[in-house]
Amino acid sequence: MRKIPVGVLGATGMVGQNYIALLSDHPWFEPRFVAASPRSAGKPYKEAVAGRWHLEKTYKAATGELVVADANDVSTAVEASKRGDCAFVFSALEMGKDEIKALEEAYAAAGIPVISNASAHRWTPDVPMLIAEVNPHHTDVIPLQQKARGWGKGFIAVKPNCSIQSYMTPFYALIEAGFEIRRAVVATLQAVSGAGYPGVASLDIIGNVVPFIGGEEEKSEKEPLKILGAVSGGGIANAEFPRIAAHCNRVPVVDGHTACVSMEFGEKKPSIEEIKRIWRNFKALPQEMNLPFAPVQPIIVRDEDNRPQPRKDGGADKAMAVTVGRVRPCPVFDARFVGCSHNTVRGAAGGGILNAELLKVKGYVG
Ligand code: NAP
């Protein structure tokens, strides 16, 4: 099969490098256009990332030779698209929110679909915020988005924040099984790679915990409501529940976000054994369609008292599965558990690639 040529905006950053590494052997997509800030523009990719490549996995020699474009110059991507080198872009840019919003809209208006990791468009009502296992039907808003804005084949679809990955799919599996979750308290322990590079200063984080990550608690509390919402009247109407209180902490872990969660159900309450069974049996559209980046088992349940751990479980099933453990009764709410997932893979580049696979099989890209 001829691979679909794709672009990565922010290709030199923490998430961008993950995209490049994960796409290096992807069966459907091939990175053929890379863009970053004017600081990197004009250099071959291998030179732009020399001395700041963060991953064990590397990139193909041909990718290293790609000349980095200035992501602010949409016309370069349009030329690449005309040459057959850029069918759509993954956006992993770190800039001001308004700048990213305008830039992603400019790409979409120019006919280049944007699959984004940035938070800029997460609250735009007609932009779907996708977790492929949870709300694949939210792609139905894309034709409405294109029509309302007069765009042709361009559109914007986003991924949620990496902090919610560790509890969002477990919540959804229980909701889908008929158990409403009314309230939850979530304490996250988030890895330093979530802050990009150079990220948090080493003197702040080595041997320490920082009990604040700007904007993260609001995202952790509110984004699940859009993801669980319904396509309605040209946009997505948010769900009312679960009400979530989040405490987000930065911890000295390289990769892998952990969440300690207590949840309260509606009138129907599952037993602990039922919760574990639902999670163990949960499969969704990406598994049914056998998408290349879909984990075989989206939720892995561990019975050991000391799991999950980011170092041991963050990489489970291509680093795309959520591992849960310590599932037990809660003396204040109904049940509690610990969830763990890989923030730069499942929570960022891998999740974006899985969304692209979903959009491809639905005919929106490629
Ligand atoms: P990062 O390591 O700081 O990388 C930022 C990227 O944006 C680099 O490629 C950088 O290019 C480019 N950039 C910076 N300023 C620019 C400008 N003025 N014009 C064009 N390009 C510019 O950040 P990151 O951690 O990869 O995060 C990227 C995005 O993903 C952010 O929106 C972040 O919120 C989101 N995200 C991150 C994670 C995570 O776990 N890290 C998870 C989910 C979502 P240069 O190298 O040339 O400076």
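Asn72 reaches the ligand with its side chain: one of its N or O atoms sits 3.1 Å from a ligand nitrogen. That is a polar contact, here a pair of N or O atoms within 3.5 Å. Here it is alongside two others:

| Residue | Protein atom | Ligand atom | Distance |
|---|---|---|---|
| Asn72 | side-chain N or O | nitrogen | 3.1 Å |
| Gly10 | backbone N or O | oxygen | 3.2 Å |
| Asn343 | side-chain N or O | oxygen | 3.3 Å |

On its own the ligand has 910 Å² of accessible area, and the protein covers 87% of that (Shrake-Rupley, 1.4 Å probe).

Keep in mind that this is a predicted model, with local features needing pLDDT of at least 70 and side-chain atom pairs pLDDT 80 or more, while totals for chains, interfaces and linings use all residues. Numbering runs from 1 along each chain as its sequence is written, and side-chain values use heavy atoms, leaving out hydrogens and water.

Who else is around? The shell has 27 residues, with Thr12, Val15, Ser37, Ser40 and Leu93 coming nearest (near means a heavy atom within 4 Å). They split into eleven nonpolar, 13 polar and three charged, with Gly counted as polar. Domain 1 (4–161 + 348–361) and domain 2 (164–342) each supply at least three shell residues; the bounds come from an automatic or database domain assignment.

Asn290, not a glycine, has a positive phi of about 55°.

Technical notes. A polar contact is a pair of N or O atoms within 3.5 Å; within protein, one must be able to donate a hydrogen and the other to accept it, and residues adjacent in sequence count only if both atoms are side-chain atoms.
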